[in-house]
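Welcome! Take a moment to look over the model below, and then we will walk through it together, from the overall layout to a few places worth a visit.

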Amino acid sequence: MKAVLVAAVVSLVVALFCTPMFIKWLVRQGYGQFIRDDGPTSHHTKRGTPTMGGAVIVAATLVAYAMAHLVFWSTPSWSGVLVLFLMAGLGLVGFLDDYIKISKQRSLGLRSKEKLFGQTLVATIFAVLALRFPNDSGRTPASTKISFVRDTNLDLAFAGTIVGVLLFILFANVIIAGTSNGVNLTDGLDGLATGASVMTFAAYVLIGIWQFNQNCQTNPGIKCYEVRDPLDIAIVAASVMGACFGFLWWNGSPAKIFMGDTGSLALGGALAGLAIVTRTEFLVVIIGGLFVTITLSVIIQVASFKSTGRRVFRMAPLQHHFELLGWQEVTIVIRFWIIAGLFVALGLGLFYAEWVVGAV
């Protein structure tokens with residue numbers, strides 16, 4: 001358990017003190033944010049603000065995870081390593097996207113096909129490897145069974161192992177694309193995505209710890225959890241949570257730095273990875289409810305405009321709709337944080353309620 005605390009503290013400290021150094025380096029290089037002309041006019045003052053700050057979040061997470069294992073001389077697990085691979089891999093795709101935007105001073109970075117290829121490649125490698133590396137109990141980091149708060153009887157391998165693996169790869173890609181793009185769409189106001197991420201990953205710290213205490217490998221029971229490396233999963237979640245907390249100090253309004261696609265894709269990947277290895281693939285829809293809501297606002301806007309020629313919102317994603325209604329940016333961020341917290345509380349409540357009901 002102490003390793004979880006060490007990971008959170010180390011990542012917070014690294015992000016808190018390394019971010020200003022990274023800001024100075026970005027300013028010297030002239031790596032500033034490009035602002036879309038079709039966005040809210042209030043955002044034009046943010047032009048030139050350093051971006052790609054997500055690199056600090058990824059680096060702080062990796063350092064904290066490694067430090068937690070070095071301090072207690074423990075061996076990293078395959079579950080933890082694979083989630084970090086997914087996070088870093090998608091962060092690299094986002095970094096390339098950010099770099100092209102900055103270097104060419106345009107709103108378009110990687111072409112959509114190039115970006116999709118990068119995300120799919122990283123997600124597919126993760127999915128394939130997650131079904132390998134069984135431990136002494138035969139448990140792998142992921143499972144072909146569909147899960148809500150634990151694996152259900154719905155198995156993607158209903159027609160054999162090969163079909164199961166292929167369907168799982170597709171299913172994992174959908175989850176990873178959904179969460180990474182959800183965080184990406186939420187990252188439109190100072191501190192919004194970062195603050196929401198702090199709460200979301202905090203939920204997975206609690207889930208990992210609870211699953212460790214009620215794990216079938218050490219504490220078999222009626223409602224124990226068939227999760228391979230629950231404690232290490234909590235360490236990963238704590239590392240990401242602390243990194244977001246430290247980065248938020250500089251990303252809060254008025255932001256001194258933006259996370260960019262580097263950070264939003266990385267955080268979305270980490271969230272999807274944690275959902276898959278903790279067997280909470282559909283629960284993440286509730287825990288990350290703010291990201292889902294904002295993504296739905298874009299889908300509704302596009303569908304409405306294409307089918308009727310009318311817009312439901314003044315602008316999508318949803319946070320920009322409220323900006324155009326005259327809400328102050330800080331007000332929107334704080335109220336959306338409250339909504340994110342309510343979704344997290346609901347998700348944790350359902351997770352715990354399922355165990356309580358089953359244990360009676």
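## The overall layout

The protein chain holds twelve helices and two strands. What you see here is a predicted model. Read from the N terminus, the elements follow the order α-α-α-α-β-β-α-α-α-α-α-α-α-α.

How much space does the chain take up? Along the principal axes, its C-alpha atoms fill a box of roughly 60 × 50 × 35 Å. The radius of gyration tells a matching story: a compact globule with 360 residues would have a value near 21 Å, and the 20 Å of the protein chain agrees with that.

Start with helix α1, residues 2–29, and helix α7, residues 230–251. Their axes come within 7 Å and cross at roughly 30°. Angles under 35 degrees count as roughly parallel, and α1 and α7 are therefore roughly parallel to each other. The crossing in which α1 passes α7 is right-handed. What kinds of residues make up the contact of α1 with α7? They divide into 19 nonpolar and five polar residues, with no charged ones.

Next, find helix α4, which spans residues 112–130. It packs with α5 at an angle of about 130°, and the axes of α4 and α5 are 9 Å apart. That angle makes α4 oblique to α5. Here, too, the handedness can be given: α4 passes α5 in a right-handed crossing.

## A pocket lined by α5 and others

Helix α5 also leads us to our last stop, the second largest pocket, where the largest share of the lining, six residues, comes from α5. This pocket has a volume of about 310 Å³. Of the 16 residues that line the second largest pocket, those closest to its centre are I175, G178, T179, V285 and V292.

Which elements give two or more residues to this lining? They are α5 (161–186), α9 (284–287) and α10 (289–308).

Terms used. Residues numbered from 1 in each chain as written. Predicted model: local features only at pLDDT ≥ 70, side-chain atom pairs only at ≥ 80, totals over all residues. Heavy atoms only, no water. 1 Å grid on protein atoms, 1.4 Å probe; cavity = no way out; pocket = protein on both sides within 12 Å on 5 of 7 lines; lining within 4 Å. Points joined across faces, edges and corners; volume = space filled by probe spheres on them. Helix = DSSP H or I, 4+ residues; strand = E, 2+ residues; numbered from the N terminus. Axes fitted to C-alpha atoms, helices over the stretch in contact; angles between N-to-C directions. Parallel < 35°, antiparallel > 145°, perpendicular 65-115°, else oblique. Left-handed = near helix turned anticlockwise from the far one by under 90°. Nonpolar A, V, L, I, M, F, W, Y, C, P; charged D, E, K, R; others polar. Rg over C-alpha atoms; globule rule 2.2 N^0.38 Å.
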